[in-house]
Amino acid sequence: MTAQSADQVRVFPPETLERMTALYPAQAGLLHHHLPDHPLLSLDALAALADTLPGSQVEYNPGDLPVGIRPEDVPSNGLSIAETIRTIDSNRSWAVLKNIETVDAYRALLMDLLGELEPIVSPRTGAMLTPQGFVFISSPGSITPYHFDPEHNILLQLRGSKVMHVWPAGDERFAHRIEHERYHTGGHRNLPWDDGFEGSEQAVPLAPGDAVLMPVMAPHYVRNGDAPSISLSITWRSEWSYRESEAHAANAALRRMGLNPAMPPRWPNYAWAKTVGWRVARKLKLVS
């Protein structure tokens with residue numbers, strides 16, 4: 001991580017760092033930030049950025065979707081990514097720009113933000129590996145369907161409002177071990193939804209200046225407010241998150257052999273032998 005100079009204004013205030021110390025890595029929770037209106041994060045700048053990114057780094061579709069929808073059922077909105085961003089106030093869509101760290105100016109912003117968090121993160125989960133940034137642009141009332149993600153994540157709300165609905169990570173009532181195994185062997189992030197899940201979540205409302213800490217693989221969906229929204233997601237991986245992923249992939253291989261392996265424990269020494277075995281098997285090309 002890059003160290004900030006003394007004359008740079010810190011984005012995360014002391015009370016946020018204290019709060020993160022209490023939450024990280026296992027609990028979701030509300031944080032705050034002082035990221036100002038940033039020229040790299042205006043709608044025009046993001047539309048211009050989107051035009052330079054390869055197709056694999058952009059995703060966009062109608063935002064008036066069910067909370068639970070299969071990825072193959074998500075329709076197109078009929079616009080280009082740049083048109084989607086520039087008309088986000090009226091086109092009823094949702095867009096994400098992925099891996100913005102591939103562009104130098106955005107990588108510098110990402111690394112400065114993560115650098116503020118490193119003193120809290122490193123003692124708990126080790127080095128901040130694979131830093132990545134994502135920008136979400138959403139129309140009023142849009143929905144990001146129920147899903148989970150493999151990264152440690154802080155989402156900073158920059159414009160508009162939304163509510164993050166988060167369920168406990170590792171609880172099979174909300175994401176069965178088979179869904180983890182499917183995802184960690186190449187499946188889509190969206191999860192099967194059941195209306196019975198409602199009421200068991202933590203709802204985190206977000207307005208500009210708010211942020212939310214999201215644990216690795218915590219199931220969630222997002223409901224946007226009544227104005228266009230821009231959010232910046234800063235993420236990183238850890239040796240722990242990679243080992244958890246490998247443990248689920250190893251379980252998928254065992255399941256294909258007719259076994260019914262247990263859900264890997266999340267913390268702290270979870271399935272060490274299983275993950276080492278998975279790494280060896282992959283190196284020897286015994287599994288794909």
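Visitor: What volume does the largest cavity have?

Guide: The largest cavity has a volume of about 40 Å³. A cavity here is a set of points on a 1 Å grid over the protein atoms alone where a 1.4 Å probe fits but cannot get out, with lining residues having an atom within 4 Å of a point, and a volume is the space filled by probe spheres set on the points, which are joined across faces, edges and corners. Please keep in mind that this is a predicted model, in which local features need pLDDT of at least 70 and side-chain atom pairs count only at pLDDT 80 or more, while totals for chains, interfaces and linings use all residues. Residues are numbered from 1 along each chain as its sequence is written, and side-chain values use heavy atoms, with hydrogens and water left out.

Visitor: OK, and which residues line the largest cavity?

Guide: Its lining consists of Asp 149, Glu 151, Asn 153, Met 214, Pro 215, Met 217, Ala 218 and His 220. By class these divide into four nonpolar, two polar and two charged, where Ala, Val, Leu, Ile, Met, Phe, Trp, Tyr, Cys and Pro count as nonpolar, Asp, Glu, Lys and Arg as charged, and the others, Gly among them, as polar.

Visitor: How much space lies in the largest pocket, then?

Guide: The largest pocket holds about 520 Å³ of space, a pocket being an open set of points with protein on both sides within 12 Å along at least five of seven lines. It is lined by 26 residues, of which Phe 134, Phe 136, Asp 149, Glu 151 and Arg 189 are the closest to its centre.

Visitor: Which element gives the most to that lining?

Guide: That is β4, with four residues; helices (H or I, at least four residues) and strands (E, at least two) are DSSP runs numbered from the N terminus.

Visitor: Changing topic: which residues of helix α1 are buried?

Guide: In α1, which covers residues 14-23, the buried ones are Thr 16, Leu 17, Met 20 and Leu 23, with buried meaning under 20% relative accessible area, exposed over 50% and partly exposed in between (1.4 Å probe, protein chains only). Seen down the axis of α1, they fall within an arc of 125°, so they line one face of the helix; the arc is that of the directions from the helix axis to the C-beta atoms.

Visitor: And what does the face turned away from the buried side carry?

Guide: That face of α1 carries the exposed residues Pro 14, Glu 18 and Ala 22.

Visitor: How many aromatic pairs does the structure hold?

Guide: There are eleven, counting rings of Phe, Tyr and Trp (its six-membered ring) whose centres lie within 6.5 Å, with planes under 30 degrees apart called stacked, over 60 edge-to-face and the rest tilted. For Tyr 24 and Trp 236 the ring centres are 5.9 Å apart and the planes at 40°, so that pair is tilted. Tyr 24 lies in the loop between α1 and β1 and Trp 236 in strand β11, so the pair ties together parts that are 212 residues apart in sequence.

Visitor: Are those two buried or exposed?

Guide: Tyr 24 is buried, with a relative accessible area of 5%, and Trp 236 is buried as well, at 0% relative accessibility.

Visitor: Last one: what is Arg 124 in contact with?

Guide: Leaving aside neighbours within four places in sequence, Arg 124 is in contact (heavy atoms within 4.5 Å) with Thr 21, Tyr 24 and Trp 267. Arg 124 lies in helix α4 and counts as partly exposed, at 31% relative accessibility.
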